[in-house]
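Please look over the sequence and the 3D structure below, and then follow the explanation from the overall build of the chain to a few of its charged pairs.

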Amino acid sequence: MGDVAVGAQEGHGEAERPRGPEEAAPEAAPDETGGPGEPVDGPVSGPVGGPRKQRSFWKELPLLIGIALILALLIKTFLVQAFSIPSDSMQNTLQRGDRVLVDKLTPWFGSEPERGEVVVFHDPGNWLQGEPTPQPNAVQKVLSFVGLMPSAEEKDLIKRVVAVGGDTVECKGTGPLKVNGKALNEPYVFAGNTPCSTDPESQFKVTVPKGRIWVMGDHRQNSADSRYHQEQPGGGSVPVDKVVGRALVIAWPLNRWDTLPVPSTFGQSGIGTVATAAPAALGLLGAAPIVLLRRRRRGTS
């Protein structure tokens with residue numbers, strides 16, 4: 001009897017034919033782990049997935065432009081926005097045609113305008129009535145929408161905050177302008193102007209309502225600011241929620257690049273007495289019951 005072929009399966013199919021020494025066993029295909037797999041009779045395929053072909057620059061350009069526009073829109077909406085100066089009311093701090101960058105981020109965190117800041121705000125009540133509105137073309141509208149150009153259709157104004165809610169601001173004669181009884185030293189006022197104008201509207205003593213600000217232009221004799229809107233609701237003051245943000249820098253033209261800091265006169269001692277008096281008084285009233293209670297305990301012990 002002959003030998004039984006090694007590897008024959010009992011009861012299933014035919015036994016494997018023994019190979020001669022001249023017959024080579026077929027190579028095994030690699031399995032998923034990289035090791036030898038089951039024998040295969042066909043040719044083994046090459047490696048799966050060769051190096052990817054890089055996209056051309058022109059195919060990627062539309063994607064890059066789209067990302068840039070989205071980022072510009074987000075920056076304009078939440079961070080900073082460019083505004084163009086349309087008039088001479090803030091000379092010489094700002095000149096007609098200057099571009100300023102306005103911080104729109106801090107108001108999202110509850111920050112309110114402070115004395116001395118230059119701010120952009122929406123028209124609080126027909127301050128710009130009768131003023132011509134520019135008519136931008138389609139391209140200017142798109143660039144303005146994403147913040148790459150100053151807004152052309154929105155009715156916004158730019159002035160300096162001289163008083164905040166709770167402050168008393170006054171002008172008598174030609175000045176100086178006083179806030180909470182403190183005279184301001186205003187070197188930023190346009191050369192040849194006086195801090196206060198002598199026309200009837202510019203002679204005032206006003207206490208600014210809470211949640212509002214009193215604004216004036218640096219070109220005092222050429223600025224239709226809070227002084228000239230005292231007959232409107234709020235007595236000429238501007239609601240804080242109308243403020244777009246604080247102007248930080250002059251960005252254009254390049255030869256006028258400069259920051260817009262708060263003048264030192266607004267940091268003088270005592271100017272914020274009225275604003276800080278209320279919290280101090282509330283603190284004193286809150287502490288009084290505690291002191292009385294401790295005195296009674298000591299008396300009974």
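The protein chain has 3 helices and 14 strands, where helices (H or I, at least four residues) and strands (E, at least two) are DSSP runs numbered from the N terminus. This is a predicted model, in which local features need pLDDT of at least 70 and side-chain atom pairs count only at pLDDT 80 or more, while totals for chains, interfaces and linings use all residues. Residues are numbered from 1 along each chain as its sequence is written, and side-chain values use heavy atoms, with hydrogens and water left out.

Of the 301 residues in the protein chain, 31% are buried, a term that stands for under 20% relative accessible area, with exposed over 50% and partly exposed in between (1.4 Å probe, protein chains only).

The charged pairs come next. There are 7 salt bridges, each defined by a side-chain nitrogen of Lys or Arg within 4 Å of a carboxyl oxygen of Asp or Glu. One of them joins Asp98 and Arg256, whose closest N and O atoms are 2.8 Å apart. Because Asp98 lies in the loop between β3 and β4 and Arg256 in the loop between β13 and β14, the pair ties together parts that are 158 residues apart in sequence. Asp98 is buried, at 2% relative accessible area, whereas Arg256 is partly exposed at 26%.

Another salt bridge pairs Asp218 with Arg160, again with 2.8 Å between the closest N and O atoms. Here Asp218 sits in the loop between β11 and β12 and Arg160 in strand β6, 58 residues apart. Asp218 is buried with a relative accessible area of 0%, and Arg160 is buried at 3%.
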